[in-house]
Amino acid sequence: MLEITNLVKNYGTKNAVDDISFSIKKGEIVGFLGPNGAGKSTTMNIITGYLSATSGTVTVGGKDIFKDPMGVKKQIGFLPEQPPLYVDMTVNEYLSFVYDLKSCRFNKKEHLKEVMEKVKVYDVRNRLIRNLSKGYRQRVGIAQAIVGNPDFIIFDEPTVGLDPVQIIEIRNLIRSLGKSHTVILSTHILSEVQAICDRVIIINEGKIVANEKTTDLNRTVGQSAKMKIKVAGPNKEVLNLLKGLQGILSVTTDGIREGDTYSYVLESTPSIDVRKIIFNALAARSWPLMGMENLEAELEDVFVKLIKSENEKGGK
């Protein structure tokens with residue numbers, strides 16, 4: 001487990017990290033989000049031992065980063081936003097160098113082959129890193145992070161500058177690493193968190209403003225629930241009925257008919273489960289309910305609402 005307790009980091013009179021606490025259990029993939037200057041990078045640099053703290057504690061696998069920094073660093077693999085690559089080395093030479101730096105005790109040849117195969121760079125192992133594409137360089141950066149098989153892996157903006165195909169490949173790679181490692185993912189791409197992470201921690205101006213499962217985050221800000229339904233019935237009459245039901249905030253329809261069925265998007269109060277209300281109202285008029293599906297709130301909307309709410313509390 002990684003545990004942060006009452007962590008503070010001051011730069012003069014500025015509180016970059018302001019008394020934050022959270023823990024991450026083994027096997028979780030956690031998104032660490034926040035606007036620029038929120039304290040994300042400072043927190044990660046403290047966890048990895050690159051920065052000291054003003055006060056508070058950070059323990060990784062039961063070891064304190066300030067009392068036993070080498071014991072903690074052995075448990076962490078870190079990919080900063082700019083991968084620390086030596087471009088005049090081949091992939092194999094570079095990872096061999098990283099292996100020696102980390103004083104690993106596995107069978108070197110077998111371990112490095114396993115790492116390279118896992119991140120799919122084994123076929124380019126004898127090529128100079130300078131001649132690799134951005135996507136392959138990113139994979140080599142991930143490879144150096146997992147050399148030594150650390151329990152915890154921290155990724156800082158791992159898909160910046162990649163094309164859409166490369167982004168999907170790196171996301172899939174991170175998701176697969178989450179099966180055997182604890183992963184912390186810091187990114188500005190909110191859809192990335194939604195696609196990969198089990199939990200989201202949001203930091204703003206040095207304070208934690210949300211710490212929720214990805215699927216539960218919309219409840220934190222009272223985000224309305226959305227669903228799409230299909231009804232076999234007269235479009236205008238169904239629309240008027242739905243608008244008048246308890247808990248329904250808004251209803252829209254594109255008016256496009258599929259056979260005798262129309263589709264409607266409903267927004268409802270999060271505290272009321274409107275499914276039974278809708279079903280009973282339609283059944284009473286003999287209008288068959290042909291389909292119903294929940295529509296996930298976009299993480300971007302939740303994120304903006306949280307940050308705006310916190311800034312308003314601070315009088316900004």
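Predicted model: local features only at pLDDT ≥ 70, side-chain atom pairs only at ≥ 80, totals over all residues.
With 15% relative accessibility, C104 counts as buried, because the cut-off for that is under 20%. Now jump to C197: its relative accessibility is 7%, so C197 counts as buried too.

Next, select V91, L95, V140, I142, V147 and F155. These belong to the largest nonpolar core, which has 43 residues, and they are the ones that touch the most other members. Keep V140 highlighted and show what surrounds it. Leaving aside residues up to four places away in sequence, V140 touches L85, V91, Y94, L95, V121, I129 and L132. Apart from that core lies another one, made up of 24 residues; F32, I46, I65 and F78 are among them.

Time to zoom out and switch to cartoon view. You can look for eleven helices and 15 strands in the chain. The C-alpha trace spans about 75 × 50 × 30 Å along its principal axes. Of the chain's 316 residues, 46% count as buried. Take the contacts between residues at least 6 apart in sequence: 68% of them join residues at least 24 apart.

Last stop, the surface. The chain's accessible surface comes to about 16200 Å², and carbon and sulfur atoms account for 48% of that. Colour by charge and you have 42 positive and 37 negative side chains to find. Where do the centres of the two sets lie? They are 2 Å apart.

Technical notes. Residues numbered from 1 in each chain as written. Heavy atoms only, no water. Core = buried A, V, L, I, M, F, W, Y, C linked by side-chain atoms within 4.5 Å. Buried < 20%, exposed > 50% of the residue type's maximum accessible area, 1.4 Å probe, protein only. Contact = heavy atoms within 4.5 Å. Helix = DSSP H or I, 4+ residues; strand = E, 2+ residues; numbered from the N terminus. Areas by Shrake-Rupley, 256 points an atom, 1.4 Å probe, with all protein chains shown as cover. Lys, Arg positive; Asp, Glu negative; His and termini not counted. Charge placed at Lys NZ, Arg CZ, Asp CG, Glu CD.
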